[in-house]
Amino acid sequence: RYGEGEDVIRDVSFQTPAGSLTALVGSSGSGKSTLLRLMARFWDYQKGHIRMEKRDIREIQPDSLIDQISMVMQNTYLFRGSIRENLCFGNETISEERMVEACQKACCHEFISALPEGYDTMVGEGGATLSGGERQRISLARAFLKDVPILLLDEPLSALDGVIKESIKEKIKEIARGFKLTTVIVTHDPEEALTLSDKVMIVNKGGIAQFGRPEEIIG
């Protein structure tokens, strides 16, 4: 709950094994993004536990916890600086080859290469000089570059469509399963959940309405 208000999340229990993709599906305000932020410990919870490898995340130092998580938020934010600096933020030792490979998976290498300064092109505060879809793809590439066991994605494809969207869906599945990541995806789109995930959780009014394999839940 927030402050002394009513419970926002209640009676929620589920597991997200390594190498699997779990989709949280529901309408706006149902609690999907709140659950995602609780997993990253952006907020603390009053009751219950969130465990990573059987250890309550409140027992883990915040810096250590966030070092094990890669996130893509719905409202993508880029820092003022070059695209390269945004991609390699916190890990300046990343090789050019690895950076380009991540951008190819996120379908942003082509448009970055076409910019006047390529990867050294400067972007405004918040990425103001780029479109929403371009910012989102750079954010996905940044997430792919972070070598961590947990991938949390909040509406990662909301600004994309067509061939690019389908291609990135496949890359998310390939990376999550190939590298045995624990991946949780928030989406309001049942079809997206069906094609992306191994398990779907329908979130409604802060609780779980349904949880199971996509074909068991979504017609």
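This is a predicted model: local features need pLDDT of at least 70, side-chain atom pairs count only at pLDDT 80 or more; totals for chains, interfaces and linings use all residues.
Several residues of helix 7 are buried: Lys165, Ile168, Lys169, Ile172, Lys173, Ile175 and Ala176. The elements that these buried residues pack against include three strands, namely strand 1 (21–25), strand 7 (150–154) and strand 8 (182–187). Helix 4 (96–105), helix 6 (132–145) and helix 8 (190–196) are also among their packing partners. Just after helix 7 comes Lys180, which has a positive phi of about 55 degrees.

Thr183 belongs to strand 8. With a relative accessible area of 0%, Thr183 is buried, because the cut-off for that term is under 20%. Apart from neighbours within four places in sequence, Thr183 is in contact with Ser20, Leu21, Thr22, Leu151, Leu153 and Ala176. Ala176 is also one of the buried residues of helix 7.

Helix 4 and helix 6, both packed against by helix 7, also pack against each other. Two packed helices are described by the angle between their axes and the distance between the axes. For helix 4 and helix 6 the angle is about 130 degrees and the axes are 8 Å apart. The two helices are therefore oblique to each other, and helix 4 passes helix 6 in a right-handed crossing. On the helix 4 side, Arg98, Met99, Ala102, Cys103 and Lys105 meet Ala141, Phe144 and Leu145 of helix 6. By class, this contact has six nonpolar and two charged residues, and no polar ones.

Technical notes: Residues are numbered from 1 along each chain as its sequence is written. Side-chain values use heavy atoms; hydrogens and water are left out. Buried means under 20% relative accessible area, exposed over 50%, partly exposed in between (1.4 Å probe, protein chains only). Helices (H or I, at least four residues) and strands (E, at least two) are DSSP runs, numbered from the N terminus. Contact means heavy atoms within 4.5 Å. Axes are lines fitted to C-alpha atoms, for helices over the stretch in contact, and angles run from 0 to 180 degrees between N-to-C directions. Angles under 35 degrees count as roughly parallel, over 145 as roughly antiparallel, 65 to 115 as roughly perpendicular and the rest as oblique. A crossing is left-handed if the near helix is turned anticlockwise from the far one by less than a right angle, and right-handed if clockwise. Ala, Val, Leu, Ile, Met, Phe, Trp, Tyr, Cys and Pro count as nonpolar, Asp, Glu, Lys and Arg as charged, and the others, Gly among them, as polar.
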